[in-house]
Amino acid sequence: MPALDPVILAERLIDCESITPATGAVFDCFEAMLTPLGFEIHRFIAGEAPDGPVENMFAIRKGPEGSRHFAFAGHLDVVPPGEGWTSGPFKAERRGELLYGRGAVDMKGSIASMVAAVAEIPADAGTISFIITGDEEGPARYGTVPLIELIREMKAEPDLCLVGEPTSVNRLGDMVKIGRRGSVNMWITCKGAQGHVAYPHLADNPIPRLVALLGDLDALVLDEGTEWFQPSNLEITDLDVGNPATNVIPAEARARISIRFNDRHTGASLIEQVEAIARRHKGEVRPVISGESFITLPGDYSTLIADAVKAETGLDPELSTSGGTSDARFLRAVCPVVEFGLCNATMHKKDEAVALEDLRVLQRIYRRITLAALAG
């Protein structure tokens, strides 16, 4: 296998503008990296506006019949760069020991290290695949979910999967994510009857009911946390009446809440709880579940990853379920999944950057993990 430099690969990916939902050039670039390594490429477009179209890729290099199958998963889309960058966000630039550009850590850098690692692994070691979407940073409706459908149609489910999200905090290798809390958003509406402020008996003001409803929700203590999860939290994220007139009682008041929840709950159970409170205040609820909580309990897989991290960094990584959601929430339905990647200090910020040496160390860690996972 040819030796590949993950820094150069990361530069090529960063140079492809790929604001979510991503299609086209960045996938062309990625395919050009994998084809010489013997991967069979499956690319497809899914969805329509406003959440699509989204490009996805499943790439697989099959090992001997009956061999184990290890998958890397991730995303080539990035969040909008915003203003104020020192250099162009979509023109990778090395300055000192850092590589700058949107996606450097989240997560084109990790994907580059994955490819460089795989290039050093012989084909007869086992089956390796890449599950890569162009929509993880957005609604994620047409990304990893249809990829999983394709993988199942092909009967190509992996035995283990590693998602390359930037999980490290202070140093590369200090944290591995073995689970994530679930997420559900709910839009709440209280309806009334519009009328003149001077004649309140002829109107029905929905605002006091909505305020009381939100007060009941804000007072909820969902749980105290579990062995592996922090407490669930409910946050009021928007409140809107849209009434420009000072002398009009409005006909409607709206709010939005977001709940991040641990494994004591499901999205459905929380929706039921909120709906019961809303009914008492004559409110209506429109819920959207972004993902359920999950955990890959500590065991052989997390030990395998921790051993690889320690061999290259000397660190014993913390096993955590902290942070937001990721596409691991979908992949966990296919096989055991763990997340491990670069330091997350600059992700989604201007002047996003990764240490050059971290890309090369991560390449070596990913190589160790892949070989150990394929060896079983």
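In the predicted model, the lining of the second largest pocket comprises, by class, 4 nonpolar, 5 polar and 4 charged residues.

The largest pocket, for its part, holds about 370 Å³ of space. Its lining is made up of 22 residues, with Glu136, Glu137, Gly324, Thr325 and Ser326 lying nearest the centre of the largest pocket. When the residues of this lining are divided by class, 10 are polar and 8 are charged, while 4 are nonpolar.

Attention was also given to serine 87, which is located in the loop that connects β3 (69–75) and β4 (93–95). The relative accessibility of serine 87 is 11%, and this residue therefore counts as buried, the cut-off for that class being under 20%. Through its side chain, serine 87 forms a polar contact with the side chain of arginine 95, at a distance of 3.1 Å. When neighbours within four places in sequence are left aside, the residues in contact with serine 87 are Glu93, Arg95, Tyr100 and Asp351.

Technical notes. Residues numbered from 1 in each chain as written. Predicted model: local features only at pLDDT ≥ 70, side-chain atom pairs only at ≥ 80, totals over all residues. Heavy atoms only, no water. 1 Å grid on protein atoms, 1.4 Å probe; cavity = no way out; pocket = protein on both sides within 12 Å on 5 of 7 lines; lining within 4 Å. Points joined across faces, edges and corners; volume = space filled by probe spheres on them. Nonpolar A, V, L, I, M, F, W, Y, C, P; charged D, E, K, R; others polar. Helix = DSSP H or I, 4+ residues; strand = E, 2+ residues; numbered from the N terminus. Buried < 20%, exposed > 50% of the residue type's maximum accessible area, 1.4 Å probe, protein only. Polar contact = N/O pair within 3.5 Å; in protein donor to acceptor, adjacent residues only side chain to side chain. Contact = heavy atoms within 4.5 Å.
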